[in-house]
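Here are a few notes to go with the model. Have it open while you read.

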Amino acid sequence: MLRALLLENVHPAAVEILRDAGIEVETRSGALDEAELIETLADFQILGIRSKTQVTRHVLESVPGLLAVGTFSIGTNQIDLDAAASRGVAVFNAPFSNTRSVVELAVAEIISLTRRLTVRDKALHDGVWDKTADGSHEVRGRTLGIIGYGNIGSQLSVLAENLGMKVVFYDSAEKLALGNARRVETLDELLQVADAVTIHVDGRAGNAGLFTGDMFARMKPGSIFLNLSRGFVVDLASLREHILSGHLAGAAVDVFPTEPKKRGDHFDSPLRGLDNVILTPHVGGSTLEAQESIGHFVAKKLRDYFLTASTTLSVNLPNLQLEHTGVGRIALLHRNVPGVLAAVNQVFADHGANIEAQMLATRGELGYVVTDISDVTQRGASAKLMAMDTTVRLRIRDAFDRPEFPPGPAAA
């Protein structure tokens, strides 16, 4: 039986979906460090994580029986995707499921910072009646600058316009502007006009240190700043300086360069204790609705990968959308070099295989060919496929829906 290890309080919906598919599931509440992960994964073929557990190259090389990783979040920078692909380990994430939750938090923080609600709230908790309009504004008519116009940035754009805000955005890729949003060509242009700047970029290495002191200095005096994307994107010490100097009127930060591993651990940051600064513990996507949606989405991708060999929306393998046909299925992940498909089909021909269907997709250095076979005149084709020097991973399902998994990749 296939076994799945789900860490970091993955939603129970994921457990139910995997168990209904005949997969044995074990859950744990916290993250595991590298050594613990290697030791624990020896008896599992599937790993489910959120943002804390790091799936390094060393982990992947040390656990040859691992077949798939599901990250129950948007980000995948906690996984060495290249190392996973080279060993035939499929990785799935949830690129859309918590979008609305992140967007709603951003909207709430924009309004709260613009109205200086944090300052008014603290004063009352301290017993001070500070009724004043000083520094408090409507968001209507103000300009929101969005850095990163993907799933989250574009949906935030729509909601901000519904609040009466003007929207400008910057993205390194060509993106269709929604509503009346206006694309700008440079970050400088965005910083010069935005009353609120919010970052929604991905975790690629090139985004590290994107926002430093020089960028904060170029923002409009009295503007506000939000980061709900990645902790390593922003220089928090510089942000602190510009808050204390009064150049920026406030900030909201949900992600940090270093984050505690579990709930209740000590947290420190140069932004603690500052007026009109909202700090949240990486909860942008942490609503009950989002976590349930993520649990459903990722678990179904993992389930389909093992039931049908479908790799749709895998972030590191060639994508094929497949349905179960009721015949034997051979899924071969291979190095993307000329002649592989011809060699594969020659093996099938030599063993009298009756091919019902065949699909091939490639992605960078990898190829993925899935062949449905209703009958063979002699056994041994799978052994020959495993022996090919281009083979990375071979998976087989017979006509009775029983999976077979050779122990680890044939070639790294």
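**Notes on the model**

1. The protein chain has 13 helices and 17 strands (DSSP runs numbered from the N terminus: H or I of at least four residues for helices, E of at least two for strands). This is a predicted model, where local features need pLDDT of at least 70, side-chain atom pairs count only at pLDDT 80 or more, and totals for chains, interfaces and linings use all residues. Residues are numbered from 1 along each chain as its sequence is written, and side-chain values use heavy atoms, with hydrogens and water left out.

2. On overall dimensions, the C-alpha trace spans about 85 × 45 × 30 Å along its principal axes. Of the 412 residues in the protein chain, 50% are buried (under 20% relative accessible area; exposed is over 50%, partly exposed in between; 1.4 Å probe, protein chains only).

3. Take a look at α1 (residues 12–20) and α11 (residues 288–308): their axes come within 7 Å and cross at roughly 25° (axes are lines fitted to C-alpha atoms over the stretch in contact, with angles from 0 to 180 degrees between N-to-C directions). That's why α1 and α11 are roughly parallel to each other (angles under 35 degrees count as such; over 145 is roughly antiparallel, 65 to 115 roughly perpendicular, the rest oblique).

4. Ile 79 sits in the loop between β4 (68–71) and α4 (81–86). Ile 79 is buried, at 6% relative accessible area. Ile 49 is 30 residues away from Ile 79 in sequence, and their C-alpha atoms are 9.9 Å apart in space.

5. Val 158 belongs to helix α7 (residues 151–162). With a relative accessible area of 36%, Val 158 is partly exposed.
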